[in-house]
Amino acid sequence: MKRIIVCDRDLSECYGMEWLIRSSHLQVERAGIACSPEELFEQMETERPDVICLELDMFQGREWEQLKHYAAIFTPALVAVSAEGTYAKAMQALELGCVDLLIKPLDSEKLLRHLHKLLREKHSVVQSEKEEPEWPCPSYRDLFLPGRTDSFSGDVVLIQHEEKGKTVKLLEFAEAFPFTDKPAILPLSDVVMLVFPDRDPWREKLCHKLLNSWGDENNGLAVFVLDQKENRTLQEAYQRALLHLQRAFFIGFDQVIVTGEAFSWKRIDPLLTPEEQRIWIEMLRDNKLTSLKQWLYGEFYYAGGALPDPGLLRIKLTSILAQVRRYMRNWKMAGEDVERAYYNLFNSVLNMPVLARIVQELILFIQFLFEQTRRVETVQKTDIVHEALRYMNKHYQNPKLNLTRVAEHVGRNPSYLSQLFSIRLKQSFRHALQDIRIAAAKELLADPMLAIGEIAERVGYANPAYFSKAFKKQTAYSPNQYRIRELTKEKD
């Protein structure tokens with residue numbers, strides 16, 4: 001006995017077709033109705049209908065995509081109904097895989113003939129399936145509930161697309177592929193799983209055929225083959241295969257990954273250390289693009305060996321973005337184009353499927369920022385005080401930096417430059433230099449491993465005692481008191 005669902009926005013049409021089906025000679029177990037996409041989806045999940053007669057015009061946008069997804073999973077026979085006999089509606093019906101398109105007002109005899117034919121074809125398919133030899137076909141319960149299956153000795157293949165939301169397309173591809181030994185096909189959120197009952201040494205060759213067949217019209221596919229060296233449950237095989245599939249983050253897509261070895265992620269600290277923060281501050285401040293590239297390539301390009309968890313690497317990349325953001329604030333980069341580019345990069349760090357692409361996007365964005373700063377510098381070269389401050393920010397570590405040196409750099413008399421500082425900044429050159437050095441010292445004090453004397457030397461004070469005196473005069477705290485206060489804040 002079969003189940004039929006009639007789906008139409010017109011309630012009278014629904015009840016009319018339901019009555020027609022019930023009163024006809026069709027042998028059906030249930031004839032139900034649905035007046036909205038939500039009702040139809042719910043009944044497809046619970047009732048698993050054999051035939052659905054549905055109005056095309058009620059499905060738009062996301063609901064249309066969901067309908068295609070459900071039709072691919074539950075595979076009912078579909079009869080489309082529409083008030084418009086247009087080419088566009090016919091194409092929609094074909095896209096959905098409908099066996100026919102009926103135009104309103106419906107001819108009741110024609111509708112019954114269609115339904116009778118579909119039910120008869122469904123019956124023939126079921127009978128032929130029963131004649132085929134059966135094997136314990138796996139289900140979703142076998143994947144997610146422990147203890148559901150005995151030891152599994154077949155092959156597991158996972159297929160994943162680099163773009164999210166392609167599961168339905170992958171499912172259609174897998175179902176249409178001419179396998180010699182048909183696998184069980186289980187669509188999941190981001191992957192399609194193929195389960196073969198037996199182990200086959202030619203399975204890798206089959207996966208390369210899958211990849212080549214997909215690549216004729218598409219791109220960005222990763223196929224994983226689990227070459228098991230010992231029997232496991234299907235749940236264990238699936239979990240291990242899923243873990244290995246994440247290696248595509250490092251090696252890229254359009255790959256067939258074959259392994260049977262145990263696998264675990266290498267532990268790493270996902271945050272930049274204080275020393276790494278200092279290095280990034282200097283590389284950005286001095287526009288050292290070559291050094292910056294070398295650091296990124298050395299940190300994020302993995303030629304072999306143990307691999308870190310992709311999630312932790314994304315966190316580390318966001319730590320680098322924090323330093324980039326700080327650089328942008330220092331240069332007062334707040335334009336709409338710059339902000340949009342930054343948030344696009346942030347989204348890439350969180351979601352882009354391949355690590356090498358993320359690193360390249362990061363390098364290109366920083367290169368873009370450096371070009372912006374060079375333009376700003378060109379405009380500001382005529383601003384003597386700004387150029388003097390830029391030079392001081394770059395060379396404050398030198399204890400011999402003084403008014404005379406800075407005046408020579410900007411091509412002005414020391415007395416004239418001193419007057420400009422007093423007029424423009426409302427402070428003397430000495431106090432401006434001290435502000436820069438104390439600000440740098442505050443950042444270095446965040447590293448508890450650095451001695452006060454070393455910090456004094458790094459920010460341009462040859463005498464640690466004089467540094468401590470100047471620091472306390474400006475902040476009301478000694479360097480050590482300031483460090484304890486800031487570290488206590490972080491713990492709170």
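In this predicted model, five strands form an open sheet of mixed pairing, ordered β7-β8-β6-β9-β10; strands are DSSP runs of E of at least two residues, helices are runs of H or I of at least four, and both are numbered from the N terminus. Two strands count as paired if DSSP finds at least two bridges between them. The edges are formed by β7 (184-187) and β10 (255-259), each of which pairs on one side only. From one strand to the next the twist averages 20°, where angles run from 0 to 180 degrees between N-to-C directions and axes are lines fitted to C-alpha atoms, for helices over the stretch in contact. Strand β9 (residues 221-226) runs parallel to β10 and is joined to it by five bridges. V225 stands opposite V258 in β10.

Helix α8 (residues 203-215) packs on this sheet and touches β6 (155-161), β8 (191-196), β9 and β10, contact meaning heavy atoms within 4.5 Å. The direction of α8 makes about 170° with that of β9.

Helices α3 (residues 61-74) and α4 (residues 87-96) pack with their axes 10 Å apart, at an angle of about 40°. This angle makes α3 oblique to α4; angles under 35 degrees count as roughly parallel, over 145 as roughly antiparallel, 65 to 115 as roughly perpendicular and the rest as oblique. W64, L67, K68 and A71 of α3 meet Q92, E95 and L96 of α4 in the contact. Of these residues, four are nonpolar, one is polar and two are charged, with Ala, Val, Leu, Ile, Met, Phe, Trp, Tyr, Cys and Pro taken as nonpolar, Asp, Glu, Lys and Arg as charged, and the others, Gly among them, as polar.

Residues are numbered from 1 along each chain as its sequence is written, and side-chain values use heavy atoms, with hydrogens and water left out. Local features need pLDDT of at least 70 and side-chain atom pairs count only at pLDDT 80 or more, whereas totals for chains, interfaces and linings use all residues.
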